[in-house]
Every structure is written in C-alpha cells, then in structure tokens.
Amino acid sequence: MLTCDYPVLPDRYNDKVEERLRLTGIYHASQIGVVQCQKLLVNALIERWHPNTHTFYLSIGECAVTLENMAIIIGLSTDGLPVTEMTMSSFEVLEVECLHQFGVAPSKSACRRSCIKLTWLRDLKENLQLTDENSIQRYVKCHIMLLIRTILFGDKSDTGVPI
C-alpha cells in the first residue's frame, strides 16, 4: 500500500491577511498544504500517465483530470476572465511594476529575464511588517504569487515568477 509520509501544515495568518485571502477567493487553495509523498507513489503515477491522451491508465480504466476536477480539489473558480497579462520584457518595466505592486523594486540580480526570483518574493514577504493596509495588501500579493508558482503551478525547472 502506498501512502503519504506526512503533510506539511499550511501557513497560519493573522486575521487581516486571512480576510484578504478569503476576498481574493484563493484562501482555500492556500490551506491545502504541501504533501510529501513516497517516491514509489509518484513513480507509480508517472508510469501510468500517458501524455498523448492526458490520462492515467489504471487497472479500473482510464482516468482524466479535468479543469472541473482541479477547481473542486483546490477550490478555485474557473468562471470569469483569465488572470493574465503581457509578460514584462525589460528590467525597467519590471522595476516600475514592482514599485507599484510592492512598494520596492528588486535589484537586477533578483530578476531573470522577465521574472522575479522566488527568493526575492519570499524575503520581501518575510520582512513585511503588517502595520497598515498597504503592507497587508503587499503581503497578500507576495503570498499569492508564491502560492501560484510553487504549489498550484509548480515548475521545478525555473526559480522565478512572471510579474
């Protein structure tokens, strides 16, 4: 039998941050936590995945994971407009956008192409003092960007997030 070793508990927030996360509709997803699974479980799923049909072939039949399945699992709405924008192509544009969103600009070494390094966002989030509405909003923005890049759309091949 394959089971997960242990869950990593989700982040705990102060009441004001939790309220903002609930308003964004991403609070439920932020409470999922990270599950550290056994290597055998992951390998078993990989062996049964068929990328040409985007399905798992299991002993009971085929299993496809749909957008609706993911919406139910992570509690995010799939209704409405997509949350996308043009990718910033220059450091100067990235710098201006970070000043606008976070009140501070990253150094060139904290950026790669049109992405901000995750370490910069983590450091910013950890060092924010939640004393006023602006700092709380900046914290929530950092948290959402980190959550999207590391948990919801994790990509081990990159260490940055497009702004």
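## Overall picture

A residue counts as buried when its relative accessible area is under 20%. By that cut-off, 29% of the 163 residues of the protein are buried. The model is predicted.

The protein holds 7 helices and 8 strands. Its accessible surface is about 11,400 Å². Carbon and sulfur atoms own 57% of that surface.

## T55 in strand β4

Strand β4 covers residues 55–58, and T55 lies in this strand. Is T55 buried or exposed? Its relative accessible area is 7%. The cut-off for buried is under 20%, so T55 is buried.

What surrounds T55? The side chain of T55 makes a polar contact with the side chain of T53, at 2.7 Å. Set aside the neighbours within four places in sequence, and T55 is in contact with R48, W49, H50, E62, C63 and A64.

## An open sheet of 3 strands

Strands β6, β7 and β8 form an open sheet. Their order is β6-β7-β8, and the pairing is antiparallel. Which strands stand at the edges? They are β6 (111–112) and β8 (160–162). Each has a single partner strand, so one side of each is left without a neighbour in the sheet.

Strands of a sheet pair through backbone hydrogen bonds, and the pairing can be parallel or antiparallel. Here, β6 pairs with β7 (residues 115–117) in the antiparallel sense, over 2 bridges. R112 has C115, in β7, as its bridge partner.

## Helix α6 across the sheet

Helix α6 takes in residues 118–127. It lies across β7 and β8. Its direction is at about 60° to β7.

Which residues of α6 are buried? They are L118, W120, L121, L124 and K125. These residues cover an arc of only 160° around the axis, so they sit on the same side of α6. An α-helix has 3.6 residues a turn, so residues three or four places apart point the same way. On the other side of α6, E126 and N127 are exposed.

## In short

T55 is buried in the model. The sheet β6-β7-β8 is open and antiparallel.

Note on methods: Residues numbered from 1 in each chain as written. Predicted model: local features only at pLDDT ≥ 70, side-chain atom pairs only at ≥ 80, totals over all residues. Heavy atoms only, no water. Helix = DSSP H or I, 4+ residues; strand = E, 2+ residues; numbered from the N terminus. Buried < 20%, exposed > 50% of the residue type's maximum accessible area, 1.4 Å probe, protein only. Areas by Shrake-Rupley, 256 points an atom, 1.4 Å probe, with all protein chains shown as cover. Polar contact = N/O pair within 3.5 Å; in protein donor to acceptor, adjacent residues only side chain to side chain. Contact = heavy atoms within 4.5 Å. Pairing = 2+ DSSP bridges. Axes fitted to C-alpha atoms, helices over the stretch in contact; angles between N-to-C directions. Arc of directions from axis to C-beta.
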